[in-house]
Amino acid sequence: MASVIRDPLRAWLHDVVERAGFPDIDAFVRHYGLKPFRLRQLYRAATKELLERPGEMTSLPKELRAALTDRGVEFSAITPIAVQHSRDGQTTKGLFRLHDGAEVEAVLMEHRGGRTTLCISSQAGCAFACAFCATGQAGFTRNLRAGEIFDQAWFFARQLAPRGKRVSNVVFMGMGEPFHNYEAVMTAVAMLNDPHGFGLGHRHITISTVGLVDRIDAFADEHLQVNLAISLHAPTDELRSQLMPVNRRFPLRELLAACERYVEKTNRKVFFEYVMLAGMNDDADCARRLAALMRGRLYHVNLIPYNATPDAEFGASSEKRIWEFAGILDAAGVPTTVRRNMGRDIAAACGQLRVETQPKAAGGLAHRRRHFSRGALLH
Ligand code: SAH
(Lines give C-alpha, C1' and ligand atoms only; values in the text may rest on other atoms or scores of the structure.)
Protein backbone atom coordinates (compact mmCIF):
# COMPACT_ATOMS: atom_id res chain seq x y z
CA MET A 1 0.00 0.00 0.00
CA ALA A 2 3.02 2.25 0.39
CA SER A 3 2.98 4.92 -2.28
CA VAL A 4 6.67 4.62 -3.22
CA ILE A 5 9.21 1.86 -2.89
CA ARG A 6 12.23 3.26 -1.15
CA ASP A 7 15.38 1.21 -1.44
CA PRO A 8 17.60 1.95 1.57
CA LEU A 9 20.64 0.18 0.11
CA ARG A 10 20.58 2.12 -3.16
CA ALA A 11 19.84 5.45 -1.48
CA TRP A 12 22.70 4.95 0.97
CA LEU A 13 25.18 3.61 -1.58
CA HIS A 14 24.40 6.27 -4.15
CA ASP A 15 25.58 8.98 -1.78
CA VAL A 16 28.66 7.02 -0.72
CA VAL A 17 29.86 6.52 -4.30
CA GLU A 18 28.97 10.05 -5.31
CA ARG A 19 31.11 11.44 -2.51
CA ALA A 20 33.95 9.28 -3.85
CA GLY A 21 33.58 10.94 -7.25
CA PHE A 22 31.47 8.40 -9.18
CA PRO A 23 28.42 9.65 -11.08
CA ASP A 24 26.27 6.72 -9.89
CA ILE A 25 26.23 3.18 -8.52
CA ASP A 26 26.55 1.58 -11.98
CA ALA A 27 29.76 3.49 -12.69
CA PHE A 28 31.12 2.39 -9.31
CA VAL A 29 30.21 -1.25 -10.00
CA ARG A 30 31.82 -1.13 -13.47
CA HIS A 31 34.97 0.58 -12.20
CA TYR A 32 35.76 -2.22 -9.74
CA GLY A 33 34.00 -5.06 -11.58
CA LEU A 34 31.85 -5.73 -8.52
CA LYS A 35 29.34 -8.55 -8.10
CA PRO A 36 25.99 -7.46 -6.58
CA PHE A 37 26.74 -9.17 -3.25
CA ARG A 38 29.68 -6.80 -2.72
CA LEU A 39 27.24 -3.89 -2.59
CA ARG A 40 25.21 -5.66 0.10
CA GLN A 41 28.46 -6.33 1.97
CA LEU A 42 29.40 -2.66 1.97
CA TYR A 43 25.93 -1.60 3.07
CA ARG A 44 25.82 -4.18 5.82
CA ALA A 45 29.32 -3.32 7.08
CA ALA A 46 28.27 0.29 7.55
CA THR A 47 24.66 0.09 8.69
CA LYS A 48 24.66 -3.15 10.68
CA GLU A 49 28.27 -3.68 11.76
CA LEU A 50 28.70 0.10 12.13
CA LEU A 51 32.14 0.19 10.49
CA GLU A 52 33.45 3.56 9.32
CA ARG A 53 35.23 2.72 6.06
CA PRO A 54 35.88 -0.20 3.70
CA GLY A 55 39.44 -0.48 5.02
CA GLU A 56 37.98 -2.03 8.19
CA MET A 57 36.16 -4.77 6.28
CA THR A 58 37.99 -8.07 6.67
CA SER A 59 35.36 -9.64 4.38
CA LEU A 60 36.72 -7.79 1.33
CA PRO A 61 39.62 -9.05 -0.83
CA LYS A 62 42.79 -7.17 0.04
CA GLU A 63 43.12 -5.50 -3.37
CA LEU A 64 39.56 -4.20 -3.32
CA ARG A 65 39.98 -2.93 0.24
CA ALA A 66 43.14 -1.10 -0.80
CA ALA A 67 41.54 0.33 -3.94
CA LEU A 68 38.52 1.66 -2.04
CA THR A 69 40.77 3.07 0.66
CA ASP A 70 43.00 4.82 -1.92
CA ARG A 71 39.91 6.32 -3.48
CA GLY A 72 38.92 7.67 -0.05
CA VAL A 73 35.58 5.83 0.15
CA GLU A 74 34.00 6.68 3.51
CA PHE A 75 30.66 5.47 4.81
CA SER A 76 29.50 8.56 6.70
CA ALA A 77 28.32 11.77 5.07
CA ILE A 78 28.58 13.84 8.23
CA THR A 79 31.57 14.93 10.30
CA PRO A 80 31.25 15.37 14.06
CA ILE A 81 32.61 18.78 15.06
CA ALA A 82 31.89 18.68 18.77
CA VAL A 83 30.26 16.42 21.30
CA GLN A 84 28.98 17.81 24.56
CA HIS A 85 27.74 15.97 27.66
CA SER A 86 25.25 17.22 30.24
CA ARG A 87 26.47 17.28 33.83
CA ASP A 88 24.37 14.25 34.78
CA GLY A 89 25.87 12.38 31.83
CA GLN A 90 22.45 11.33 30.55
CA THR A 91 22.31 13.69 27.58
CA THR A 92 24.83 14.06 24.75
CA LYS A 93 24.62 16.64 22.01
CA GLY A 94 26.48 16.17 18.75
CA LEU A 95 27.22 18.96 16.29
CA PHE A 96 27.83 17.74 12.73
CA ARG A 97 29.18 19.41 9.63
CA LEU A 98 27.81 18.41 6.23
CA HIS A 99 29.92 18.35 3.04
CA ASP A 100 28.89 21.88 2.04
CA GLY A 101 29.58 23.37 5.47
CA ALA A 102 25.99 23.36 6.72
CA GLU A 103 25.71 22.16 10.31
CA VAL A 104 23.09 20.28 12.31
CA GLU A 105 22.72 18.93 15.82
CA ALA A 106 21.38 15.69 17.26
CA VAL A 107 20.76 14.79 20.90
CA LEU A 108 21.05 11.41 22.60
CA MET A 109 19.17 10.77 25.84
CA GLU A 110 20.11 7.74 27.89
CA HIS A 111 17.29 6.67 30.18
CA ARG A 112 17.57 4.48 33.24
CA GLY A 113 17.25 0.82 32.38
CA GLY A 114 19.33 1.09 29.21
CA ARG A 115 16.73 2.57 26.86
CA THR A 116 17.99 5.43 24.69
CA THR A 117 16.20 8.08 22.63
CA LEU A 118 17.93 9.91 19.84
CA CYS A 119 16.53 13.22 18.62
CA ILE A 120 17.63 13.89 15.03
CA SER A 121 17.48 16.76 12.55
CA SER A 122 15.86 16.57 9.14
CA GLN A 123 16.87 20.02 7.88
CA ALA A 124 19.62 22.55 8.53
CA GLY A 125 17.52 25.33 10.03
CA CYS A 126 13.76 25.49 9.62
CA ALA A 127 11.37 27.51 7.47
CA PHE A 128 8.38 27.57 9.83
CA ALA A 129 9.46 30.29 12.27
CA CYS A 130 7.51 29.16 15.34
CA ALA A 131 7.78 32.10 17.72
CA PHE A 132 9.17 30.13 20.67
CA CYS A 133 11.67 27.87 18.85
CA ALA A 134 15.39 28.61 18.55
CA THR A 135 15.75 26.73 15.26
CA GLY A 136 12.84 28.58 13.70
CA GLN A 137 14.24 31.95 14.72
CA ALA A 138 17.44 31.26 12.79
CA GLY A 139 15.74 30.55 9.44
CA PHE A 140 16.13 27.83 6.82
CA THR A 141 19.39 26.64 5.25
CA ARG A 142 18.63 23.42 3.37
CA ASN A 143 17.06 19.97 3.36
CA LEU A 144 19.19 17.07 4.53
CA ARG A 145 19.62 14.06 2.31
CA ALA A 146 18.39 10.70 3.62
CA GLY A 147 21.94 9.54 4.35
CA GLU A 148 22.72 12.72 6.29
CA ILE A 149 19.69 12.06 8.47
CA PHE A 150 20.48 8.37 8.91
CA ASP A 151 24.13 9.08 9.73
CA GLN A 152 23.16 10.95 12.91
CA ALA A 153 21.74 7.66 14.23
CA TRP A 154 24.74 5.76 12.85
CA PHE A 155 27.15 8.08 14.71
CA PHE A 156 25.42 7.63 18.08
CA ALA A 157 25.01 3.89 17.55
CA ARG A 158 28.80 3.73 17.16
CA GLN A 159 29.23 5.75 20.34
CA LEU A 160 26.94 3.41 22.29
CA ALA A 161 28.13 0.06 20.93
CA PRO A 162 31.28 -0.27 23.09
CA ARG A 163 29.04 0.03 26.16
CA GLY A 164 26.75 -2.70 24.88
CA LYS A 165 24.00 -0.18 24.18
CA ARG A 166 22.11 0.79 21.07
CA VAL A 167 19.89 3.54 19.77
CA SER A 168 16.50 2.19 20.82
CA ASN A 169 14.25 5.09 19.79
CA VAL A 170 14.56 7.80 17.18
CA VAL A 171 12.46 10.97 17.21
CA PHE A 172 12.42 13.55 14.40
CA MET A 173 12.33 16.40 16.91
CA GLY A 174 15.67 18.03 16.21
CA MET A 175 16.20 20.85 13.74
CA GLY A 176 13.80 21.21 10.86
CA GLU A 177 10.33 20.18 9.79
CA PRO A 178 10.40 16.51 8.72
CA PHE A 179 7.30 16.76 6.52
CA HIS A 180 8.90 19.70 4.67
CA ASN A 181 11.57 17.20 3.58
CA TYR A 182 9.17 14.32 3.15
CA GLU A 183 10.89 11.96 0.70
CA ALA A 184 14.32 12.14 2.33
CA VAL A 185 12.77 11.59 5.76
CA MET A 186 10.80 8.57 4.56
CA THR A 187 13.94 7.14 2.94
CA ALA A 188 15.87 7.74 6.17
CA VAL A 189 13.07 5.89 8.01
CA ALA A 190 13.54 2.97 5.57
CA MET A 191 17.30 3.02 6.29
CA LEU A 192 16.76 3.07 10.04
CA ASN A 193 14.22 0.27 9.82
CA ASP A 194 15.95 -2.05 7.32
CA PRO A 195 16.25 -5.51 8.96
CA HIS A 196 19.32 -6.14 6.75
CA GLY A 197 20.95 -3.02 8.16
CA PHE A 198 20.28 -0.79 11.16
CA GLY A 199 17.17 -2.75 12.16
CA LEU A 200 15.21 -0.27 14.25
CA GLY A 201 11.50 -1.14 14.48
CA HIS A 202 9.02 1.33 13.01
CA ARG A 203 7.24 1.54 16.37
CA HIS A 204 10.45 2.99 17.82
CA ILE A 205 10.43 5.93 15.42
CA THR A 206 8.40 9.13 15.88
CA ILE A 207 7.92 11.91 13.35
CA SER A 208 6.92 15.28 14.78
CA THR A 209 5.34 17.89 12.52
CA VAL A 210 4.05 21.45 12.68
CA GLY A 211 0.95 20.04 10.97
CA LEU A 212 1.31 19.99 7.18
CA VAL A 213 -2.12 18.62 6.27
CA ASP A 214 -1.31 17.23 2.81
CA ARG A 215 1.72 15.39 4.18
CA ILE A 216 -0.25 13.96 7.10
CA ASP A 217 -2.60 12.45 4.49
CA ALA A 218 0.34 11.11 2.46
CA PHE A 219 1.88 9.67 5.61
CA ALA A 220 -1.39 7.93 6.56
CA ASP A 221 -1.40 6.29 3.11
CA GLU A 222 2.04 4.79 3.81
CA HIS A 223 0.48 2.59 6.50
CA LEU A 224 3.68 2.45 8.51
CA GLN A 225 3.82 1.69 12.24
CA VAL A 226 5.85 4.89 12.72
CA ASN A 227 4.43 7.23 15.40
CA LEU A 228 2.99 10.61 14.43
CA ALA A 229 3.28 13.62 16.74
CA ILE A 230 1.65 16.99 16.01
CA SER A 231 2.97 20.23 17.49
CA LEU A 232 -0.32 21.81 18.53
CA HIS A 233 0.64 24.32 21.24
CA ALA A 234 -2.70 26.19 21.23
CA PRO A 235 -6.41 25.30 21.27
CA THR A 236 -7.64 28.28 19.18
CA ASP A 237 -6.70 29.55 15.73
CA GLU A 238 -6.07 33.04 17.04
CA LEU A 239 -3.47 31.91 19.53
CA ARG A 240 -1.98 29.17 17.34
CA SER A 241 -1.45 31.58 14.43
CA GLN A 242 0.41 33.90 16.79
CA LEU A 243 2.74 31.13 17.93
CA MET A 244 2.95 29.15 14.69
CA PRO A 245 2.61 31.03 11.40
CA VAL A 246 1.85 27.71 9.63
CA ASN A 247 -1.59 27.80 11.27
CA ARG A 248 -2.67 30.46 8.79
CA ARG A 249 -2.17 27.95 6.00
CA PHE A 250 -3.52 24.93 7.85
CA PRO A 251 -5.94 26.08 10.56
CA LEU A 252 -6.97 23.86 13.46
CA ARG A 253 -10.15 22.51 11.88
CA GLU A 254 -8.26 21.26 8.82
CA LEU A 255 -5.37 19.95 10.89
CA LEU A 256 -7.61 17.99 13.26
CA ALA A 257 -9.66 16.65 10.34
CA ALA A 258 -6.41 15.29 8.84
CA CYS A 259 -5.57 13.70 12.20
CA GLU A 260 -8.98 12.03 12.24
CA ARG A 261 -8.44 10.70 8.72
CA TYR A 262 -5.06 9.37 9.85
CA VAL A 263 -6.63 7.54 12.81
CA GLU A 264 -9.39 6.13 10.61
CA LYS A 265 -6.91 4.88 8.01
CA THR A 266 -4.24 3.52 10.33
CA ASN A 267 -6.01 2.91 13.64
CA ARG A 268 -2.93 4.43 15.24
CA LYS A 269 -2.83 6.94 18.06
CA VAL A 270 -1.80 10.54 17.38
CA PHE A 271 0.45 12.34 19.88
CA PHE A 272 -0.05 16.07 20.40
CA GLU A 273 2.75 18.22 21.74
CA TYR A 274 1.86 21.31 23.72
CA VAL A 275 4.64 23.59 24.93
CA MET A 276 3.69 25.36 28.16
CA LEU A 277 4.21 29.14 27.83
CA ALA A 278 3.46 31.26 30.91
CA GLY A 279 0.44 33.50 30.47
CA MET A 280 0.11 32.54 26.78
CA ASN A 281 -1.49 29.12 26.48
CA ASP A 282 -1.39 27.69 30.00
CA ASP A 283 -4.57 28.83 31.77
CA ALA A 284 -7.57 26.72 32.75
CA ASP A 285 -9.59 28.04 29.83
CA CYS A 286 -6.95 26.82 27.35
CA ALA A 287 -6.88 23.45 29.10
CA ARG A 288 -10.67 23.10 28.82
CA ARG A 289 -10.65 24.11 25.15
CA LEU A 290 -7.83 21.69 24.45
CA ALA A 291 -9.68 18.93 26.28
CA ALA A 292 -12.73 19.58 24.11
CA LEU A 293 -10.63 19.13 20.95
CA MET A 294 -8.94 15.97 22.21
CA ARG A 295 -11.71 14.19 24.11
CA GLY A 296 -13.02 10.81 22.99
CA ARG A 297 -10.44 10.27 20.26
CA LEU A 298 -7.33 8.17 19.83
CA TYR A 299 -5.19 11.10 20.94
CA HIS A 300 -2.50 11.56 23.57
CA VAL A 301 -1.30 14.95 24.84
CA ASN A 302 2.32 15.52 25.81
CA LEU A 303 2.90 18.75 27.74
CA ILE A 304 6.39 20.14 27.17
CA PRO A 305 8.02 22.45 29.73
CA TYR A 306 9.25 25.48 27.78
CA ASN A 307 13.00 25.87 27.42
CA ALA A 308 14.31 29.39 27.14
CA THR A 309 15.88 30.27 23.78
CA PRO A 310 18.58 32.92 23.24
CA ASP A 311 16.23 35.78 22.38
CA ALA A 312 13.27 34.44 24.30
CA GLU A 313 10.23 36.63 24.65
CA PHE A 314 8.36 33.86 26.45
CA GLY A 315 8.44 32.53 29.97
CA ALA A 316 8.07 28.94 31.14
CA SER A 317 4.92 27.91 32.97
CA SER A 318 5.49 26.96 36.60
CA GLU A 319 5.49 23.29 37.45
CA LYS A 320 2.32 23.83 39.47
CA ARG A 321 0.59 25.36 36.44
CA ILE A 322 1.68 22.49 34.23
CA TRP A 323 0.27 19.89 36.61
CA GLU A 324 -2.99 21.82 37.01
CA PHE A 325 -3.29 21.96 33.24
CA ALA A 326 -2.57 18.23 33.04
CA GLY A 327 -5.19 17.66 35.75
CA ILE A 328 -7.91 19.34 33.69
CA LEU A 329 -7.08 17.22 30.64
CA ASP A 330 -6.92 14.11 32.77
CA ALA A 331 -10.28 14.83 34.42
CA ALA A 332 -11.77 15.17 30.92
CA GLY A 333 -10.48 11.70 30.11
CA VAL A 334 -7.67 12.84 27.79
CA PRO A 335 -4.51 10.72 28.16
CA THR A 336 -1.82 13.22 29.16
CA THR A 337 1.84 13.09 30.08
CA VAL A 338 4.36 15.78 31.04
CA ARG A 339 7.68 15.54 29.24
CA ARG A 340 10.77 15.17 31.38
CA ASN A 341 13.43 17.73 30.63
CA MET A 342 16.88 16.55 29.70
CA GLY A 343 20.03 18.32 28.61
CA ARG A 344 18.97 21.86 29.50
CA ASP A 345 22.47 22.72 30.74
CA ILE A 346 23.95 22.08 27.29
CA ALA A 347 21.11 23.77 25.37
CA ALA A 348 20.10 20.38 24.03
CA ALA A 349 16.49 20.37 25.22
CA CYS A 350 13.43 20.67 22.94
CA GLY A 351 13.55 23.73 20.75
CA GLN A 352 17.00 24.83 21.86
CA LEU A 353 18.90 23.47 18.88
CA ARG A 354 20.35 26.30 16.87
CA VAL A 355 23.69 26.30 15.21
CA GLU A 356 25.24 29.73 15.44
CA THR A 357 25.93 31.55 12.19
CA GLN A 358 29.37 30.40 11.23
CA PRO A 359 32.41 32.62 11.36
CA LYS A 360 35.08 31.55 8.88
CA ALA A 361 38.10 29.25 9.24
CA ALA A 362 40.40 29.80 12.24
CA GLY A 363 38.04 32.22 13.92
CA GLY A 364 35.38 29.58 13.59
CA LEU A 365 37.23 27.08 15.69
CA ALA A 366 37.98 29.56 18.44
CA HIS A 367 34.34 30.50 18.49
CA ARG A 368 33.28 26.89 18.57
CA ARG A 369 35.68 26.13 21.39
CA ARG A 370 34.04 28.80 23.51
CA HIS A 371 30.59 27.69 22.55
CA PHE A 372 31.29 24.08 23.45
CA SER A 373 33.56 24.76 26.41
CA ARG A 374 32.15 21.93 28.50
CA GLY A 375 32.31 19.37 25.71
CA ALA A 376 35.02 17.24 24.21
CA LEU A 377 36.26 18.64 20.93
CA LEU A 378 36.77 15.98 18.34
CA HIS A 379 38.60 18.08 15.77
N1 SAH B 1 9.25 20.73 13.19
C2 SAH B 1 8.85 19.64 14.06
C3 SAH B 1 9.97 19.19 14.97
C4 SAH B 1 10.37 20.29 15.89
S5 SAH B 1 11.02 20.06 17.49
C6 SAH B 1 7.69 20.08 14.91
O7 SAH B 1 7.45 21.27 15.01
O8 SAH B 1 7.02 19.23 15.48
C9 SAH B 1 9.98 19.10 18.47
C10 SAH B 1 9.10 19.84 19.46
O11 SAH B 1 9.78 20.78 20.30
C12 SAH B 1 8.00 20.60 18.78
O13 SAH B 1 6.78 20.29 19.37
C14 SAH B 1 8.39 22.03 19.06
O15 SAH B 1 7.30 22.89 18.98
C16 SAH B 1 8.96 21.93 20.43
N17 SAH B 1 9.71 23.12 20.84
C18 SAH B 1 10.25 24.05 20.04
N19 SAH B 1 10.87 25.00 20.77
C20 SAH B 1 10.72 24.66 22.07
C21 SAH B 1 11.17 25.23 23.28
N22 SAH B 1 11.91 26.33 23.30
N23 SAH B 1 10.83 24.62 24.44
C24 SAH B 1 10.12 23.46 24.41
N25 SAH B 1 9.69 22.86 23.29
C26 SAH B 1 9.97 23.45 22.12
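Trainee: Which backbone nitrogen lies 3.1 Å from a polar atom of the side chain of T266?
Mentor: That is the backbone nitrogen of R268, and please keep in mind from the start that this is a predicted model.

Trainee: And which backbone oxygen does the side chain of T266 reach?
Mentor: The side chain of T266 comes to 2.7 Å from the backbone oxygen of Y262, while the backbone nitrogen of R268 is 3.1 Å from a polar atom of that side chain.

Trainee: Where is T266 found?
Mentor: T266 belongs to helix α10, which covers residues 252-266.

Trainee: Buried or exposed, and why does T266 count that way?
Mentor: T266 counts as buried because its relative accessibility is 16%, and buried means under 20%.

Trainee: Switching to the ligand, how many residues surround it?
Mentor: There are 22 residues around the ligand, and the closest are E177, S208, S231, H233 and N307.

Trainee: What does H233 do there, in terms of distance to the ligand?
Mentor: A polar atom in the side chain of H233 is 2.6 Å from an oxygen atom of the ligand.

Trainee: How much of the ligand does the protein bury?
Mentor: The ligand taken alone exposes 530 Å², and the protein buries 97% of that.

Trainee: Which elements give two or more residues to the shell around the ligand?
Mentor: Those elements are β8 (205-209), β10 (270-276) and β11 (299-305).

Trainee: What is the make-up of that shell by class?
Mentor: The shell around the ligand is made of 11 nonpolar, nine polar and two charged residues.

Trainee: New topic, then: how many cavities of 30 Å³ or more does the structure hold?
Mentor: The structure has two cavities of 30 Å³ or more, and the second largest cavity has a volume of about 40 Å³.

Trainee: Which residues line the second largest cavity?
Mentor: Its lining consists of W12, D15, V16, R19, F75, A77, G147 and D151, which by class makes four nonpolar, one polar and three charged residues.

Trainee: And which element gives the most to that lining?
Mentor: Helix α1 gives the most to the lining of the second largest cavity, with four residues, although α1 (8-19) and α6 (146-160) each supply at least two.

Note on methods. Residues numbered from 1 in each chain as written. Predicted model: local features only at pLDDT ≥ 70, side-chain atom pairs only at ≥ 80, totals over all residues. Heavy atoms only, no water. Near = heavy atom within 4 Å. Polar contact = N/O pair within 3.5 Å; in protein donor to acceptor, adjacent residues only side chain to side chain. Areas by Shrake-Rupley, 256 points an atom, 1.4 Å probe, with all protein chains shown as cover. Nonpolar A, V, L, I, M, F, W, Y, C, P; charged D, E, K, R; others polar. 1 Å grid on protein atoms, 1.4 Å probe; cavity = no way out; pocket = protein on both sides within 12 Å on 5 of 7 lines; lining within 4 Å. Points joined across faces, edges and corners; volume = space filled by probe spheres on them. Buried < 20%, exposed > 50% of the residue type's maximum accessible area, 1.4 Å probe, protein only.
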